[in-house]
Amino acid sequence: YWRAQLLPAINKETSHFRQELQAFDVIGDLERFLVDGNFSDTVHVRLVRLIQPHAMRLPGQRYVSEASYPVHLTVKSAYHEIVHPYGDRLVDSVLTAQFKLLEKDSFLQLTVARMDQNTAYKSFRAFFHEEVTTAAEIWVAERRRMISQIMHSSGSGPSAAVRRYLAEHDEGRHVLAAVIYSYLAEGLKKEDESYAEFLRMLFASRRLSPGKIEERYNKFMNVP
C-alpha cells in the first residue's frame with residue numbers, strides 16, 4: 001500500500017513543492033523583519049502522508065509537513081517555528097520585567113483564565129511566547145499575502161484579512177498578538193529597527209501596559 005498508493009502521491013507533491021518554493025525566501029523574510037535574527041540559511045522540510053491536521057517541528061530548522069498542504073501553509077508554519085526561539089528569548093530574558101508587569105492587565109488575565117485546560121498556553125509565560133511569535137509570523141506572512149489567501153480575501157486590504165484570521169484562529173485567543181500587529185500595521189516599526197527594539201519602544205511608550213490592551217484590541221478588531 002505504501003509503495004503503490006502513498007509514496008507516488010508524496011513524490012508528485014514533492015515535485016510541485018520544490019517548484020513553488022522557488023518563489024519564497026523564508027530566512028530572508030524573517031531576517032529583514034527581525035533585523036537581529038541569527039538563523040541557519042537552510043530549512044529542511046520532510047513531506048509525509050497521514051499527518052493531518054498539523055505539521056510538526058523537529059529540532060533545529062527541520063519540519064515534517066503533510067504532503068498535500070499548499071506551499072504557503074508550510075512556509076507560514078516555518079515562519080512561526082523559526083521565530084519562536086527569538087520570541088521566547090524576548091519574554092524570558094530581554095524584556096522580562098516589561099512582560100511581567102503586563103501580567104497585571106485584567107483583559108489578559110481573563111484571556112489566559114479562559115484558555116482550555118488542554119492548551120499549551122495556560123501560563124502567562126507560555127502565552128506571551130506564543131503572542132510575540134504569532135504577531136511576527138502574521139506580519140511577515142501577510143507581506144506575501146498568505147493570510148489573505150487563507151481567508152480567501154481579495155481587495156479588502158491586509159488588515160481586514162488579518163482581523164478575520166485572528167478572530168477565527170485558535171478561538172480568537174491571540175489578543176496580544178492582535179495588539180502588537182496593530183502597531184506594526186500603523187507603521188511604527190522602522191525598517192532598520194529590530195523586532196526586540198520595536199517591542200521595547202511599545203513598552204516604553206506605554207502602548208503595551210496594564211489597562212491599555214483591551215481598548216487597543218477592540219479598536220483594531222472592530223474597524224469597519
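I began with the lining of the second largest pocket, where α1 gives the largest share, four residues. Helices here are DSSP runs (H or I, at least four residues) and strands are runs of E, at least two, numbered from the N terminus. The model is predicted: local features need pLDDT of at least 70 and side-chain atom pairs pLDDT 80 or more, while totals for chains, interfaces and linings use all residues. Residues are numbered from 1 along each chain as its sequence is written, and side-chain values use heavy atoms, without hydrogens and water.

I noted the volume of this pocket as about 440 Å³. A pocket is an open set of points on a 1 Å grid where a 1.4 Å probe fits, with protein on both sides within 12 Å along at least five of seven lines; lining residues have an atom within 4 Å of a point. Of the 18 lining residues, Phe17, Leu21, Val26, Val43 and Val45 are the closest to the centre.

Next I looked up α9 (175–185) and α10 (195–204), which pack at about 105° with axes 12 Å apart. They are therefore roughly perpendicular (65 to 115 degrees). Ile180, Tyr183 and Leu184 of α9 touch Tyr195, Phe198, Leu199 and Leu202 of α10, contact being heavy atoms within 4.5 Å.

Last, I checked α5 (106–113) and α6 (124–143), which pack at about 100° with axes 11 Å apart. Here Leu108, Gln109, Thr111 and Val112 in α5 meet Phe124, Phe127 and Phe128 in α6.

Conventions. Points joined across faces, edges and corners; volume = space filled by probe spheres on them. Axes fitted to C-alpha atoms, helices over the stretch in contact; angles between N-to-C directions. Parallel < 35°, antiparallel > 145°, perpendicular 65-115°, else oblique.
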